[in-house]
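User: I have a model open and would like to go through it step by step. Can we begin with the strands?

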Amino acid sequence: LPEAVHSEIAGIKQNDSNFFYLILKDLEEEKKDLERLEKLEKFLKNYETNFFVSEIEGKNRFEKIINQYILASSASQALAKKVGVGPNDISVIEDFKKLS
C-alpha cells in the first residue's frame, strides 16, 4: 500500500468509468496503513471513481493473505474473461523481454 498511495495512483483520472478499484482491507493492519487506506478511499471518492472496499477475513495473518490473493486473482480472472483477454496470456510480457 505505501506505493499505492504514491506511484500507483499516478494514472487515476477523475470520473474515469473505465476503471474500478478494489481495496482489500485488513482491520488488524497497523494504524498507519489503515490511515493510508482511508486516505486512498477519500481520494477515490473525491475523484468520483468507482471503488469497493472489502474487509478481509481470516483466523490469522497467513489466512488473510491467502484470502486476499484468492479474491484478487478471482476478480482478475473474471475481468479478463469478461473483456475477452486470455487471463494466462503472457505474450506481451514475452515480447517485452525480447527487446534489447
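Analyst: Strand 1 and strand 2 pair in the parallel sense, over six bridges. Two strands count as paired if DSSP finds at least two bridges between them. Helices (H or I, at least four residues) and strands (E, at least two) are DSSP runs, numbered from the N terminus.

User: How does the chain cross from strand 1 to strand 2?
Analyst: The path goes through helix 1, and this β-α-β crossover is right-handed. Right-handed means that, with the strands pointing away from the viewer, the path from the first strand over the helix to the second runs clockwise.

User: What kind of model is this, and how are residues numbered?
Analyst: It is a predicted model, where local features need pLDDT of at least 70, side-chain atom pairs count only at pLDDT 80 or more, and totals for chains, interfaces and linings use all residues. Residues are numbered from 1 along each chain as its sequence is written, and side-chain values use heavy atoms, with hydrogens and water left out.

User: Back to the strands. Which residues in strand 2 stand opposite Phe 20 and Lys 25?
Analyst: Phe 20 stands opposite Asn 50, and Lys 25 stands opposite Glu 55.

User: Where do side chains point in a strand?
Analyst: In a regular strand they alternate between the two faces of the sheet.

User: Ok, pockets. What lines the second largest pocket?
Analyst: The lining consists of Phe 20, Leu 22, Leu 24, Ala 72, Ala 75, Ser 76 and Leu 79. A pocket here is found on a 1 Å grid over the protein atoms alone, as an open set of points where a 1.4 Å probe fits, with protein on both sides within 12 Å along at least five of seven lines; lining residues have an atom within 4 Å of a point.

User: How much space is in there?
Analyst: About 260 Å³ lies in the second largest pocket. The volume is the space filled by probe spheres set on the grid points, which are joined across faces, edges and corners.

User: Which element gives the largest share of that lining?
Analyst: Helix 2 does, with four residues. Strand 1 (20-25) and helix 2 (61-83) each supply at least two residues.

User: How many of the lining residues are nonpolar, polar or charged?
Analyst: Six are nonpolar, one is polar and none is charged. Ala, Val, Leu, Ile, Met, Phe, Trp, Tyr, Cys and Pro count as nonpolar, Asp, Glu, Lys and Arg as charged, and the others, Gly among them, as polar.

User: Leu 24 is in that list. Is Leu 24 buried or partly exposed?
Analyst: Leu 24 lies in strand 1 and is partly exposed because its relative accessibility is 22%. Buried means under 20% relative accessible area, exposed over 50%, partly exposed in between (1.4 Å probe, protein chains only).

User: How far apart are Leu 24 and Ala 72?
Analyst: They are 48 residues apart along the chain, and their C-alpha atoms are separated by 8.5 Å.

User: What about Leu 27, where is that?
Analyst: Leu 27 sits in the loop between strand 1 and helix 1. With a relative accessible area of 51%, Leu 27 is exposed. Leu 27 and Ala 10 are 17 residues apart in sequence, and 26 Å apart in space from C-alpha to C-alpha.

User: New topic. How many aromatic pairs are there?
Analyst: Two aromatic pairs are counted. One of them is Phe 19 with Tyr 21, which is stacked at 6.2 Å centre to centre and 20° between the planes. Rings of Phe, Tyr and Trp (its six-membered ring) pair if their centres lie within 6.5 Å; planes under 30 degrees apart count as stacked, over 60 as edge-to-face and the rest as tilted.
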